[in-house]
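Subject: the model we talked about

Hi,

Here is the structure I promised to pass on.

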Amino acid sequence: MENIRNQTKIFFLRILNIPFAFLMHAIDLIMWPIQKIIGVRNMPYIFLLPNLIFFGLFVIIPLGANFFFSLSSGDELLFAERELPTTKQYDQLFDCESYLNPNTCTEDFFWRGVYNTIFFVVFQVGLMIFFSVLTAVILNKKIIGRGFFRSVFFFPVLLSPVVVGLIWQWILLKNGAFNAIIESYGGDKVSFLTDPSWAMASVIFVSIWAHMGFYTLIVLAGLQAIPPNLYEAAEMDGTSRERIFFRITLPLLMPNLLVVFILASIKGVQTFDEIYVLTGGGPGTSTSLIVQYIFTTGFASSGSVQNFGLAAAASMVLGVVLLFLTLMQLYFSRNKESKHQEI
Amino acid sequence: MSETTSRIIKIATKKRYKNKYHWTDYFSYFYLFLGVLLMFGPVVWLGLSSLKTLAGIQEYPPTILPLSQIQVDVEGYDKPLPIFNVTQEDGSVKQLAQIKRIGINAKMVDPLNPGETVKVPIDKREKIREFKIQWQNYVDPLRKYDFLLYFKNSTFITVVATIITLIINSMAAYALSIYEFRGKNFALVFVIGTLLIPLTIILVPVFYVVANFGMINSLWGVILPGAATPTGVFLLRQYMLTLPRELIEAARMDHASEWAIYWRVVLPLSIPAIAVLAIFSIMWRWNDFLWPLIVLSKSEVYTLQIGLNAFHGELTSQWNYVLSMTMVTLLPIAIIFAYLQKFITTGIASTGMK
Amino acid sequence: MTEIILKDIFKSYDQTEVIHGVDLKVESGKFLVLVGPSGCGKSTLLRIIAGLERITSGEILIDGNEVSNIPASERGLAMVFQSYALYPHMSVFKNMAFALENLKIDKKTIEEKVNSAAKLLQIEEYLQRKPKALSGGQRQRVAIGRAIVRDPKAFLFDEPLSNLDAELRVTMRKELSALHEKIGGTMIYVTHDQVEAMTLADQIVVLNNGYVAQAGAPLDLYNNPSDIFVAGFIGSPKMNFIKVNAIDKSGSFNLVSDALNLQTNHKNLENNTPYSLGIRPEHIEVCEQQNSDLKVHVDFTEQLGSETYFYCQGEGIKQLIVHHTGQYKINKGEELYLRFKRDSVHLFEENGMSVSKKNN
Amino acid sequence: MNFKFILKAISVALVSFSLTLISAVSFAATDVRIMWYGDGDKENVPIAAQIDEFNAANPDINVILDIVPYDAIMNTLPIQLAAGEGPDIARVTDLGGLNKYYADITPYVADPSYYEKSFGPFLNWYRKPGDATSIHGFHSTMTVTGPYVNKTLFEQAGVDLLGPGATWEEWAAVSIEVAEKTGTPIPMAWDRSGHRVSGPAISMGAKYFDSNGDPKLVDDGLKAMTQMLYDWHQAGTMSKDLWGSVSGSKYHAPNDWWNAAEVVFMMSGSWQIGRFANEVGDDFDWWAVPAPCGPAACTGMPGGNALLAFNANPAVGKVMDYLSSKEQLSSFIGQVLAIPGHLDLQVDYQTDDPNAKHALNTFAGAVPTIDQVAFDLQAHVDNRIMFNAIISRLGQAIVGEMTMEEAWTRMDEDVEKQLKEKYGG
């Protein structure tokens, strides 16, 4: 039976392979002469070309344009109609009496976004690391159905932010399932999403729910890379489990945790869609992060002036933060590139 | 009890140390149980709720199972009438069908005695309900609101974008892993640099570029901007670096062109990494929201996520449809996951990307 | 039939030069073995011939055509890699047909060629298998088959037997020899194993540190090593070396050390000058005390049944290996009296060059 | 495993490709795209039917209706227009804000005087300042903002509805009373919208413009109304849950609460009638009541949505003529249960819901009571900027992010900043 299935599979693969092979052969007819003309050593440029075209068109040029936007003003999208050049966007962004109090800033929404983002990232990342380590350590034990549980914790990672936002909005609504459970145990309804003191907590919770599985997997991979004989040796020495965890597991896990920390920070700083669907940044501005500020200022202006310049300036600031985080990640996760031969 | 069950129980209760349970053992199972509840619960709840009527959805406190009010045909009335349990003045309870509600009173009739109507204060009546699945929640949007079309668009975007992504990214990864050439480090930095630029940040200028290409309201406008993903290049490159150099040299000795080496040797051998990237690409594309929201405003090019958002638009809180279509949106991903979960989880763990 | 000539080849990686001006001529139809210790540049040289490495300067001629700038895929050579480099995703048949497909040869011809090569190598029954389902020897054959099918101008082998176990290595060696007889192509073979070199080669090129140390027929190298490196490298167990002083004894020289005083028929030596005396284990005889050149203590013996090796120590001699045909019972620490075969004594100057016996 | 995956991917690809090919049947006719947001099926179904009818009768024109969420009209449409894309016609509520993109279709409509005659006062809302003749489109539905009450709750509580002339304070008081007596959680709920706040603010004396006619948002009238709203939220008369559920200037309506009979008094507008008739159905009786009074007036805001052209060509003109014709408009309005933006239209409302009928009468009757300031505000190009400033700052104050004093300062600053960005200087 298995054999028949494999046979049919192979049969279908062969058939489906035909157009692919045909296409590739066709490309080869173009590639051979190119290779003859430019030589093997220049072929990598040809291979890089499509990717670079896409990068250039949809990342590099827009990035330049963004820089341009940030240095020009007006509510027009077309370059020709924008006013040039001005640093007024940056001046406006950083015009604060006290940077610690957003209310004293001209662009108070931006600074609220900054502080909300910092708060969000600190707690989300901190708690996420705690729970992913906890989960990973438990999943690393010899428990039955480990694969199943691993999948359970990972499953939400696959859901779209829209779906995550909708599901949890549906559950955390004032008349939602959570409040029904609370009331059935005699508690009072909680405005999870609309009370300023709860909203951020809810957003952090949902965000952890949605992304924890991913980081758990990374930590789990780290745990499994710890040589088991270390544990065996420790057990032979009669070390307590708590001690084993703090003295062996955790120190050996540190490099992984560092990667998790930076990855999660990068992701956290960019968080947008889940929150957008879940709370829309409310109540007030208590859950609007920097990206939402960029989005609403430049894009979703609801009839106000579309301030592309200000949005671009804010995104440049965010870009600097992300650059810093990414460089940190590259620094910590750099590994020796295998030596390449020359052709 | 079957043998397997008893074996499972035996294994489950097997102690790590021969003679005592450690508190962490109890805690672990408690935690996992809670985890299953918290991780799956919301989705299960969503699924159950999506089968309720709109009234059932708005009901508070909610019922777990989809229930709806029983309606009966009563002689002399054209439409079926809803049935209530009515508390009589003497405290007894009687089943009556409601004809009409006027103010705070309801005009009701006994289905067994249709000739005679009674006036009942509305707080004395209670709906009688039965288990009933509201398939309409699924059928309506799929039929009336072109959700099948959205499904098709989402599929098209996902598949085409994934194919393009795989091809151009694997080409770049091939160049960056197999060859040594001038400007390679520059290209690497170039690609790394783009890692840190989420689309959200350059939303407006990218829109500007896409508009210049006339790709607004075209599925290509969604597919192309994200086709070159730096993460994809890196994942594939990292994998290709592990391929034995001698294979490539052997192919060169075998009179293979560089392109042939790429697609006949390197590509087939990189399938594990390509599959991981493919799964991610499928996930990204299927779940993509913000960008399609901006580029696509014609109904015939809507994706599922955008259609879903349209249902959730603040003017049309049709939660019954929102919930059912949320289910439709997450199902394909869930099915793929159920099929490939082991592969996905190990693939992700080994590549550490998202 | 192909002749390959290397002229004054230099190769550097960044600042480090690894090949320092190699000249080499591979005659058509010959089996040439490049041998040398690891890191001597022999693989690099092979890859330079193959076109997998670019040269810094020099000329590579294949049948008189300069090919330095022609990519590997167009040089028409075939190579068998140390790891075999079989395409793991292709069947044996596909592996062998791959090159032919790249050359756009029609299917029927491909099939014929692959089948005949498979028959030659006795791997017909594995044609539909994937490489991972084959044993090491079978993989080796496929790798060779892959080279054969395309009738290359020359075959290049990069330590092809090093991944096989000892027994299989011997078998494959014989088969390779036979194969060369049968198909008769030009072959260049890289190995660090001098036994392979001796058994396979028409001509051996010993490489040391990026230079050609000596090139010649196998027995030439064995009998007349041109320097101390070649002398030590060729032959197993290794040649013994003893530091001696040459003392002029009116016309002939005596080679003198703490334990040794030996008259030699080497002529043009410098008086009172240190030399290295080289003597292969098989050229030392166990003899009676009165005939002996040297008295040693046996440190250790290897009794192999048909032959015996003694590992000895003498005054001023750290180790001396002696070969004895047949069995010989002796205990550790016992004394042994040895005699060197006079004709087989080699002498090397301090700079390592051999002192020729003939031109005196 | 890998195999399985590739197999699946490729087969899905093939299916999609073939589906796309099948669907790519092209029309030779001129396409006219309408970007339309609808308040649910109640509006989408009738318009779709009219479009189908038009397409059937005009084979040379192919009208395509793109039903989008309201968000897309507010956010996506402006940026598409800024990029030079966008539909031929869109249903718009930010009437003045987009005026630089409107196309003059006067040459292409059959009878320009029909538009002047039927939609006269509204046409100015779309025009650029100084322009008095262009025709860009027509008012699809007219709206008036105003309150609804849950009449059944009033009956249960035994409290009488207030008549015309009652003040906001009085309405708040009775709403609280009803809520207390019936155990209803929320006495009062307002749409989260600057437009909704503006009618009552004008009633309290807000002027919105200085003597030159330039925007001057914060004055005593606006302060009085916003302070009142702030106080109601703090006192629990209004629930923070509604306005807190989103951020910035985002619109949010309390329909879910209302439908569940958790609200006694709801400040919204006439466009809700069709929806209530549909969604509330039989659950309770609801009435629209006259706009409550302040010291200056008893007014709601006028408003509505218009179908406006971004491309001028004969096909667009023809579609406009068709949709704005008395026959089509009255059929549409009759089905959606709205107030016509057409000055001379007999509408036969397709409902037997007494609540809806009553509400339609109330709002239609309210049109003459609308204050001139409200009309001027609605007609002003930059009114959205003011609405957005009010709602986002008030929202912040209510959840405690700033004091009312700070909020008022910010409102003025926001308006000033935006106008500066828009007009330069």
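Chain B is divided into domain 1 (12–49), domain 2 (71–127) and domain 3 (145–351), with bounds that come from an automatic or database domain assignment. Between the centres of domain 2 and domain 3 of chain B, taken over C-alpha atoms, there are 59 Å.

Before I go on, the ground rules. This is a predicted model, where local features need pLDDT of at least 70 and side-chain atom pairs count only at pLDDT 80 or more, while totals for chains, interfaces and linings use all residues. Residues are numbered from 1 along each chain as its sequence is written, chains are lettered from A and ligands numbered from 1 in the order in which they are written, and side-chain values use heavy atoms, with hydrogens and water left out.

Back to chain B: it has 15 helices and 8 strands. Those are DSSP runs numbered from the N terminus (helices: H or I, at least four residues; strands: E, at least two). Of its 354 residues, 60% count as buried, meaning under 20% relative accessible area; exposed is over 50%, and partly exposed lies in between (1.4 Å probe, protein chains only). Taking contacts (heavy atoms within 4.5 Å) in chain B between residues at least 6 apart in sequence, 64% join residues at least 24 apart.

Chain C comes to 8 helices and 20 strands. Of its 360 residues, 52% count as buried, and its C-alpha trace spans about 75 × 45 × 35 Å along the principal axes. For contacts in chain C between residues at least 6 apart in sequence, the share joining residues at least 24 apart is 65%.

The sheet to look at in chain C is open, with 5 strands in the order S15-S19-S16-S17-S18 and antiparallel pairing. Two strands pair if DSSP finds at least two bridges between them. S15 (284–286) and S18 of chain C are the edge strands, each pairing on one side only. From one strand to the next the twist averages 45 degrees (axes are lines fitted to C-alpha atoms, for helices over the stretch in contact, and angles run from 0 to 180 degrees between N-to-C directions).

Within that sheet, S17 (residues 307–314) and S18 (residues 317–325) of chain C run antiparallel and are joined by 7 bridges.

Now for a helix in chain D. H17 (residues 404–423) has 20 residues and should span 28 Å at 1.5 Å a residue; its end C-alpha atoms are 29 Å apart, which agrees. The expected span is 1.5 Å times one less than the number of residues. Its buried residues are D:Met404, D:Ala407, D:Trp408, D:Arg410, D:Met411, D:Asp414, D:Val415, D:Leu419 and D:Glu421. They cover an arc of only 165 degrees around the axis, so they sit on the same side of H17(D); the arc is that of the directions from the helix axis to the C-beta atoms. The face turned away from them carries exposed D:Glu405 and D:Glu416.

What covers the buried residues of H17(D)? The cover includes H3 (88–93) and H4 (108–139) of chain A, together with H8 (220–235) and H16 (383–398) of chain D. Just after H17(D), D:Gly424 takes a positive phi of about 80 degrees.

No contact joins chain C and chain D, whose closest C-alpha atoms lie 13 Å apart.

Cheers
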